[in-house]
Amino acid sequence: MTHPKSDPSAIAPVLAEAMPYIQHFHGRTIVIKYGGNAMADEGLKRGFARDVVLMKLVGMNPVVVHGGGPQIGQLLERIGKKSEFIEGLRVTDSETIDVVEMVLGGLVNKEIVALINTHGGRAVGLSGKDGDMIRAKKLVLRKHGSTNNEDIVELGHVGEIESINPAVVDTLDAGDFIPVIAPIGAGKDGKAYNINADTVAGRLAVTLQAEKLIMLTNTPGVLDSDGQLLTGLSEARVQELIDEGVITDGMLPKVRCALDAVAGGVRTATISDGRVAHATLLETLTDEGVGTQIGRDRKVLRPG
């Protein structure tokens, strides 16, 4: 029996399905939030690197924004410092921000860059501090329901985005490089701030006028009340699911990030299963994809 990989009749439909997507995305920017299992499993890491290289080779402009929470936690533990979280945010004192910068801007960022380059790409690692790309300010978190300044929760060097200057990313894209960005911003005083990677990816997608935002997660995507994957959702339907209590907990901030990106002009935002091999390529070049795609309306969910 002929192996499917060597059977032209099996390969041809795959290439034919991919062609309109290659045409549609040619010359356009796709921002990918890279994290979770996709960043921890060796096979998935190599697959991701190959996917990004292929996207660049066929004329797309992939921009990678990565997280690194587990790696930060591991190094903090090694130096005897306990991680503390408030409402899902890591409390980041002056010692912790040094570790965050070391891990995100150094170890993790350079590993991703090296993987992409090993597989034939030309990746360049950046943090939001480079080229004054991400201007940040201290995130102010108040106790639930409070507007009193005395009820502010101290998070240290946790930031939110004030502005994004895309000049350095535009320059790299024009030079056929692949930007790999660590979610660290700088305040007006030069202090470093740790920023949520989903938020950075979403805001960057809007600033770059990206065609697509892909957020790799450790879940299949948005599930309905019966646990079934919802594959294509309009903004209006997503809001209904939030109001109905179907979208809750950890999925809620990711969905809101996707909604913000779409509202800001990104054509589609996808919450994809990063545990699936080549999820990025499947989401970009196939009809079905591997996650939940959110668009302004159902008519724009897939190019065709």
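Threonine 270 touches Lys212, Leu213, Ile214, Met215, Glu283, Gly291, Thr292 and Gln293, leaving out residues up to four places away in sequence; contact here means heavy atoms within 4.5 Å. The structure is a predicted model, in which local features need pLDDT of at least 70 and side-chain atom pairs count only at pLDDT 80 or more, whereas totals for chains, interfaces and linings use all residues. Residues are numbered from 1 along each chain as its sequence is written, and side-chain values use heavy atoms, with hydrogens and water left out.

- Threonine 270 lies in strand β15 (residues 268-273); strands (E, at least two residues) and helices (H or I, at least four) are DSSP runs numbered from the N terminus.
- With a relative accessible area of 0%, threonine 270 is buried (buried is under 20%, exposed over 50%, and partly exposed in between, with a 1.4 Å probe and protein chains only).
- The side chain of threonine 270 makes a polar contact of 3.0 Å with that of lysine 212, and another of 3.5 Å with that of glutamate 283.
- A polar contact is a pair of N or O atoms within 3.5 Å; within protein, one must be able to donate a hydrogen and the other to accept it, and residues adjacent in sequence count only if both atoms are side-chain atoms.
- Glutamate 283 and lysine 212 also form a salt bridge, with their closest N and O atoms 3.6 Å apart.
- This pair links distant parts of the chain, 71 residues apart: glutamate 283 belongs to helix α9 (residues 279-285) and lysine 212 to strand β13.
- Glutamate 283 is buried at a relative accessible area of 1%, and lysine 212 is buried at 1%.

**Other salt bridges**

- The count of salt bridges comes to 15, each being a side-chain nitrogen of Lys or Arg within 4 Å of a carboxyl oxygen of Asp or Glu.
- Glutamate 211 pairs with arginine 28 in a salt bridge whose closest N and O atoms are 3.3 Å apart.
- The two residues are 183 residues apart, glutamate 211 in the loop between α6 and β13 (212-217) and arginine 28 in the loop between α1 (8-25) and β1 (29-34).
- Glutamate 211 is buried, at 12% relative accessible area, whereas arginine 28 is partly exposed, at 34%.
- Glutamate 111 and lysine 45 meet through their side chains in a salt bridge of 2.7 Å, N to O.
- Here glutamate 111 sits in helix α4 (residues 94-118) and lysine 45 in helix α2 (residues 42-57), 66 residues apart.
- Glutamate 111 counts as partly exposed at 36% relative accessibility, while lysine 45 counts as buried at 7%.

**Helices α6 and α8**

- The axes of helix α6 (residues 197-207) and helix α8 (residues 251-263) come within 9 Å and cross at roughly 10°; axes are lines fitted to C-alpha atoms, for helices over the stretch in contact, and angles run from 0 to 180 degrees between N-to-C directions.
- Helices α6 and α8 are therefore roughly parallel to each other (angles under 35 degrees count as roughly parallel, over 145 as roughly antiparallel, 65 to 115 as roughly perpendicular and the rest as oblique).
- Asp198, Thr199, Gly202 and Val206 of α6 make the contact with Lys254, Cys257, Asp260 and Ala261 of α8.
- The residues of this contact divide into 3 nonpolar, 2 polar and 3 charged; Ala, Val, Leu, Ile, Met, Phe, Trp, Tyr, Cys and Pro count as nonpolar, Asp, Glu, Lys and Arg as charged, and the others, Gly among them, as polar.
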